Amino acid sequence: MFPLLLLDPISCENVLNQLNPYELFKFSLCSKISNRLARNVAVKVNDFFSLDIHLDDSYSIGIQYETDHVFEYFSCRSNTIHNMLEGSSILSKPMENGKLNGNGPSMFRTSDEKSVETYWEDEVVGFKLLIEYVMNLYDKPIDILYFQKTDSLKSTEILKWINTRKGSIRFGHVDLCHVNSDQTLSLILDQIKNVNELDLVMLPGSEFIKNDTRKYEFKELTITNGYWVTLPRLVNMNCNILNVSGTELTNSDVNSFLKMWINGGFDKIKLMSLNVLEVDILKILEGIQYQEKNNYSGESFSVSLDINKNDIFYIICRTDGLVASIYVTKFGKHLVFNMEVEK
Amino acid sequence: MSVEPEVPIVQVEEVRENPVLYKIISSDNHVFTISEHAVKLSKTLWDLITNLGLTAENALDNPIPVENVNGKNMETIVQFCERHKYDEEEPEYTNYIREFVLPEWDRQLLSIDNEELFQLILATNYLDIQKLMDYCCRVIGDMAKDKTPEELRIIYGIPTDAEDDALERSASDSPGPSG
């Protein structure tokens with residue numbers, strides 16, 4: 001036994017600095033005191049960590065970190081005690097009891113493959129405690145959310161709880177293709193409002209498309225399979241960056257959108273990319289004053305795409321003087337309508 | 001994971017330089033000779049030498065007593081400092097998560113039992129030798145490899161929460177200085 005706690009605080013911290021993040025995490029599980037010591041060390045390097053949540057067929061929180069030359073990762077999963085009994089032969093390490101810094105009771109098993117399995121009476125309650133534990137240890141909010149093929153109601157409850165914690169989620173990949181009920185879809189969409197950059201896939205039914213009037217306000221929103229992005233819904237999407245593919249929008253819809261922008265709407269939009277049914281730029285610009293340019297100066301725009309300088313750009317101007325460039329690019333077989341707003 | 005630092009060959013340079021030597025006396029009266037470059041690795045000793053005004057001429061006539069370090073630890077410390085006296089200065093610590101592997105020579109030097117390692121750390125801390133402190137801490141950190149939390153608790157002598165609570169209770173139950 002090495003009497004670590006008898007060292008002076010600086011030497012003790014120096015020792016803990018030598019542990020890799022997974023070892024430090026395991027050390028934090030020893031007791032409340034070890035948790036406090038580990039936290040002191042972890043918060044000082046937390047710029048090199050990012051936390052991600054996976055809500056799929058199981059619930060886990062991952063810790064990614066950057067060492068001298070590589071990114072490494074370990075994860076902690078929440079299970080029911082029932083799962084533990086079923087899978088006990090898989091894991092070789094012994095089961096341990098811990099209170100996750102007083103937030104227990106729980107049982108956990110660590111493995112050499114950088115994973116921690118935790119076992120709870122109720123996996124959702126347990127997962128919330130696990131998230132709290134990890135967020136406290138690194139003093140960081142959740143950075144990335146992965147949401148797919150999950151028990152929607154349980155996962156919504158987890159999201160609801162995450163939204164009560166400090167900080168917002170930087171990036172979310174949310175796949176709601178498995179959600180059949182419009183009501184559940186609404187519940188989930190309500191809980192991902194705080195995601196900054198959202199990658200959204202969903203297959204809503206006609207009733208939802210007709211009735212949903214929510215605002216989609218994100219820093220960046222990417223929608224694939226966006227057949228449900230009709231003009232009324234597009235009008236409710238006020239994002240800095242908006243990418244929608246697979247829409248059924250017509251040239252006339254885009255024309256209406258541009259006219260609303262010219263009249264002062266969508267003040268947040270900096271870059272928009274729409275995969276429209278058939279792009280006819282003259283129909284899109286019908287009734288709009290524009291200036292045609294061959295040479296494009298990407299520097300004056302907030303966000304620039306990698307485009308060919310020989311393409312034709314259509315410069316339009318808002319009533320308040322703000323300028324945007326309109327152009328068409330190719331994506332596979334499809335043409336894509338793009339709009340970039342000047343800085 | 002990181003590259004083992006190259007250990008310079010010091011003997012040739014030492015002969016050429018005709019180095020200044022200092023004498024150190026441990027708490028149990030063992031006398032050690034150490035070169036100027038090596039002693040500079042200890043901030044405490046170098047400050048002492050500077051403050052005492054020891055020079056090349058009078059250094060060997062004025063042994064420095066170090067009452068907090070015994071002969072065994074001093075021997076390890078002197079060996080370490082002589083070995084590393086020409087090492088390049090470490091880049092400033094940037095709070096970056098780094099993993100380094102202890103050089104084999106140092107690993108062997110520090111292959112001692114935990115009680116000795118603990119005493120060596122106390123001595124290193126007192127003499128303020130950053131590099132040796134880092135290396136000792138690396139040895140202790142390596143004990144955590146592939147261990148479970150419960151194993152770590154035992155290896156590092158961490159009391160359980162229940163033990164801590166009991167200790168706290170007994171401390172609060174015991175009469176204070178006035179009682």
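Confidence and architecture

Reader: What does chain B average in pLDDT?
Author: This is a predicted model, in which local features need pLDDT of at least 70, side-chain atom pairs count only at pLDDT 80 or more, and totals for chains, interfaces and linings use all residues. Residues are numbered from 1 along each chain as written, chains are lettered from A and ligands numbered from 1 in written order, and side-chain values use heavy atoms, without hydrogens and water. The pLDDT is the predictor's confidence in each residue, from 0 to 100. In chain B, 82% of the residues score at least 70, and the average is 84.

Reader: How many contacts does the stretch of residues 1-16 of chain B have beyond near neighbours in sequence?
Author: The pLDDT is below 50 over residues 1-16 of chain B. A contact means heavy atoms within 4.5 Å. Beyond near neighbours in sequence, the number of contacts for this stretch in the model is 23.

Reader: What is the mean pLDDT of chain A?
Author: In chain A, 90% of the residues reach 70 or more. Residues 300-304 of chain A are below 50, with 19 contacts beyond near neighbours in sequence. The mean for chain A is 87.

Reader: What pTM does the model score?
Author: The ipTM is 0.81. The pTM is 0.84.

Reader: What is the strand order in the open sheet of chain B?
Author: Strands (E, at least two residues) and helices (H or I, at least four) are DSSP runs, numbered from the N terminus. Two strands pair if DSSP finds at least two bridges between them. The sheet has three strands with mixed pairing, in the order β2-β1-β3.

Reader: Why is one side of β2 and of β3 of chain B left without a neighbour in the sheet?
Author: β2 (31-35) and β3 (64-65) of chain B each have a single partner strand, so one side of each has no neighbour in the sheet. Both stand at the edges.

Reader: Which residue is the bridge partner of B:Y22 in β2(B)?
Author: Strand β1 (residues 21-25) of chain B runs antiparallel to β2(B), and five bridges join them. The partner of B:Y22 is B:I34.

Reader: At about what angle does helix α4 of chain B run to β2(B)?
Author: Helix α4 covers residues 71-84 of chain B and lies across β1 and β2 of that chain. Axes are lines fitted to C-alpha atoms, for helices over the stretch in contact, and angles run from 0 to 180 degrees between N-to-C directions. The angle to β2(B) is about 15°.

Reader: Are α2(A) and α3(A) roughly parallel or roughly antiparallel?
Author: Helices α2 (residues 21-28) and α3 (residues 32-44) of chain A pack at about 150°, with axes 7 Å apart. Angles under 35 degrees count as roughly parallel, over 145 as roughly antiparallel, 65 to 115 as roughly perpendicular and the rest as oblique. The pair is therefore roughly antiparallel.

Reader: Which residues of α2(A) meet α3(A)?
Author: On the α3(A) side, the residues include A:L37 and A:V41. On the α2(A) side, they are A:L24, A:F27 and A:S28.

Reader: Which UniProt annotation covers residues 13-44 of chain A?
Author: Over residues 13-44, chain A is 81% helix and 0% strand, with end C-alpha atoms 11 Å apart. The UniProt annotation, from an unreviewed entry, is "domain: F-box".

Notes
UniProt positions renumbered as here; feature names shortened; annotations may be inferred.
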